[in-house]
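Hi,

Here is the structure I promised to hand over. My notes on it follow below.

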Amino acid sequence: MTRSRLIRLVLAVALAVVAILVSRRVGTPQPDGEAGPRRGGRLVASFRTEPTNFNRLVEAQPVARLAALLTQATLLRVDPNSGAFEPRLATAWTGTPDGLTWTFTLRPNVRFSDGTAFTAADVLFTFQALYDERVGSPLASEMRANGQPLQVRALDDHHVVLTFPVPFGPGLTILDSLPILPRHKLQAALDAGTFRAAWSAGVNPADMAGLGPFMLQEYVPAQHMRFVRNPNFWLTDAEGQALPYLDEIEVAIVPEQNAELLRLQAGESDLTTGGTRAEDLAMLRDAEAAGRIRLMNAGTAIDVSTFWFNLTPGAKAVAGKPWLTDESFRRAVSHAVNRQAIVDTVHLGAATPVYGPITPGHGQWFVPGMGETPFDLGRARTLLTSIGLEDRDGDGVLEDKANRPVRFSLLTQRGNTERERTSAVVQEQLRQVGIAVDVVALDGGGLVGRFTSGDYEAIYFGAQSNSADPANNLGFWLSNGGFHYWNPGQVTPATEWEARIDTLMQQQAATMDRAERIRLFTEVQQLVADHVPALWFAAANITVPVNARVGGVTAAAIQPPVLWNAERLYVTSERR
Amino acid sequence: MNLALAIRRVIAALLLVITVSAAAFVLARLAPGDETTSDFIAGVDPATIARKRERLGLDRPFAVQLATYVWGILRLDLGESARFERPVASLVAERGANTARLAFAALLLATVLGLPLGVLTGAHARWWGSRLIAVMSIAVLACPPLVAALGLLYLAVSTGWLSAAPGHLFVPALALGLPVAASLERLQSQATRDAMAAPDLLAAAARGIPPRRLVWVHAARQSLRPVLGVYGIVIGSLFSGSLAVEFVTSWPGLGRLMYDAVRAGDVRLVAGCVFAGGVCLAVGNLVADGLRAWADPRVRETA
């Protein structure tokens, strides 16, 4: 190649690069201004998993919850930020003094999206389907009080009576997650035993009906869901304008998180419905500075990963390592872990150090300072020495009294960057006090399999939690619970303090007095802090990126963080 | 290729597909976790999970599950997906059609780009353009599909020249087709160089056949033989390579379905996807055999 040809080639490539950069669409949309809500327009969101079923009663995954929030409505709603009740399909409710029986007045003149009138029969039908054994609803367990179903009966077409079998602390808050389904569309399927399949992903949208702000118009498998305004939606704003403001919401299925962010930055989508990784925040802040997006603070997550040792008595996996089940050992580990370092390095500052499973995101259940163990390597070493763990051969690793090295394996979830990185930081920090940790990342199936079979020494993981109310998480707190990680499914409580926690949790779940519930739960938290059955390090601060043209956003630390309030979202300009 | 050979090939392909699918069922079942793992992670209570396991037959012995599955395949019944609660066959057919569409577009793109460029670079090996094309081909081949797909996606969304919306074909076809085009270009280039040095081509040149006809008719046809031989492998690689591309570009194909099925521990769906992949590979090889027979009389004679 001659020099002149080479120069021409280089120039051509340079021109092409410049053309790409110049043509980048960096138009600044009109921000959420003071003009007020604008009716009409289309919003594009993205979600990383495709729906398998549009019926919330049979599907627990977040995408089913999203579809239900858009297309269905509940009797009442709990504001995720204030905790206050909001009337939805029920306009009023009155209870007996014992809090067991509640009479609901249903909103008059409400019609499903297909025009059929909404009556008390739909409420009764929903509860019938919820408790039907053939349906196997994942919602059924949380809609029971002390394991017993709620009783529902209709006084007339617009009044229903709900009876709790026993006093139940969460009370009416559980109704926040129960969408009222159309009896006229689903009764036949329930009778025929085909309820689970009735609204599967292959359903014809015309066979669905709902009371939510939108209705499903189209689902193209694995590509997108298109929701259009429900003309029969029953709610108006303060000015009497019919809600929702938007004409249409398209939820694109984008499985890859980097692709999702690229689309958001380029303005191809208006918001993401999953979490934002800490490492993406710097890039998003640049986009915010350029006026393309806004970063909304949704508060502190209530889901916090748990670090626990296998405390099941007689577990083979921990045989020969009695120190693994020693309370002082766990306390030493807690002192040896620098939580602020985890916040700074793993979450890049976008998190809050925590010392228990209850985070500031849990609102009034959170007790500041509870169980706080300062980062103190000296204290950690003292505790380790007190149980006979010392570096006897000078190799930097502690040995127990039988001269076996203090070494354990820590299982964590592969692909979850927060958990993998935190495990690496913990490994490094424990090395400083002479504890050797082998981190093993397994996929979800492998990890759950090792946990349920009890074949592990320590795990850093955690199942999702959808409710801040501790009474809705009894599976974690009670000693016989499946999510009582360190020793699940106990027939009788293994320790006195766990027996005490069982008693306190059952009391607080059966108490209607909120102040008393908080007092009882504070005692539970104190017991956990005293006995350190598990460790918690950091709770993510949830940041939600939203296109600057989207208004009416009230971000919350729930799934989905923005679309939970979809009827009040609006756009200030049309899409390019 | 005569009829008897064709029938033998088809029977062998069917046996291969059934064996591979059953092996996938065994491997997926032996892997840790099952169809209820995601429910556990989602916080569903153990009693509900136990009911689901019973409903899906996960409490039955493994041998019974495998026998049921193989008997189903023999009746062309791939069972029901635990995740979607729909027949696997309909899911696989729906997404398989999308993957086939993507693979066909990518193959077309690769063929239209790769073969002519290969002939060009093979016939004019000393031309600077040939060297540039060779460097670009090697660069494209060296780039992992995931990175290439992300790069194209970035180009698409940052310039607005191409649509990156889920379901649009061009970006995924480009991401999948370019490495294949590069591969074909390299193969065709070498084959053309070899053909140009063959005695019959030298004799033809000596007889005064115009250079353009010599290259684009005589050399091209001769050099197609080895290239067509790898088309079966290429079709197979399009299927396997489509996983990363489908995932990044949100293309609703079989690769993405299988990825989701593996993550969800949906064993029947995993095996169903492998079944479909096996069918694609077998059909691709049969088509490649046919093409080779068409291009090379020696193959017809020996068959």
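In which sense do β4(A) and strand β5 (residues 101-106) of chain A pair, and over how many bridges? They pair in the antiparallel sense, over five bridges. Two strands count as paired if DSSP finds at least two bridges between them. Helices (H or I, at least four residues) and strands (E, at least two) are DSSP runs, numbered from the N terminus.

First, the ground rules. This is a predicted model, in which local features need pLDDT of at least 70 and side-chain atom pairs count only at pLDDT 80 or more, while totals for chains, interfaces and linings use all residues. Residues are numbered from 1 along each chain as its sequence is written, chains are lettered from A and ligands numbered from 1 in the order in which they are written, and side-chain values use heavy atoms, with hydrogens and water left out.

**Sheets in chain A**

Back to β4(A). A:Thr94 stands opposite A:Thr103 in β5(A). The open sheet here has four strands, in the order β4-β5-β9-β8 (chain A), with antiparallel pairing. β4 (90-95) and β8 (151-156) of chain A are its edge strands, and each pairs on one side only. From one strand to the next, the twist averages 25°. Axes for such angles are lines fitted to C-alpha atoms, for helices over the stretch in contact; angles run from 0 to 180 degrees between N-to-C directions.

Strand β1 (residues 42-47) of chain A pairs in the parallel sense. Six bridges join β1(A) to strand β12 (residues 248-253) of chain A, and the two run parallel. There, A:Leu43 has A:Ile249 as its bridge partner. β1(A) also pairs with strand β13 (residues 271-272) of chain A, in the parallel sense, over two bridges. A:Ser46 stands opposite A:Thr272 in β13(A). β1(A) is mostly covered: five of its six residues are buried. Buried means under 20% relative accessible area, exposed over 50%, and partly exposed in between (1.4 Å probe, protein chains only).

**Aromatic pairs**

There are 32 aromatic pairs over all chains. Rings of Phe, Tyr and Trp (its six-membered ring) pair if their centres lie within 6.5 Å; planes under 30 degrees apart count as stacked, over 60 as edge-to-face and the rest as tilted. Take A:Phe476 and A:Trp486. Their ring centres are 5.8 Å apart and their planes stand at 90°, so the pair is edge-to-face. A:Phe476 sits in helix α13 (residues 474-477) of chain A, and A:Trp486, 10 residues away, is in the loop between α13 and α14 (496-509). A:Phe476 is buried at 12% relative accessible area. A:Trp486 is buried at 3%. Both belong to one aromatic cluster, whose members include A:Trp308, A:Tyr456 and B:Phe40.

**Second largest pocket**

This pocket has a volume of about 470 Å³. It is lined by 17 residues, and B:Met136, B:Ser137, B:Val140, B:Leu178 and B:Ala182 lie nearest its centre. On a 1 Å grid over the protein atoms alone, a pocket is an open set of points where a 1.4 Å probe fits, with protein on both sides within 12 Å along at least five of seven lines; lining residues have an atom within 4 Å of a point. Points are joined across faces, edges and corners, and the volume is the space filled by probe spheres set on them. α8(B) gives the most to the lining, with six residues.

Best wishes
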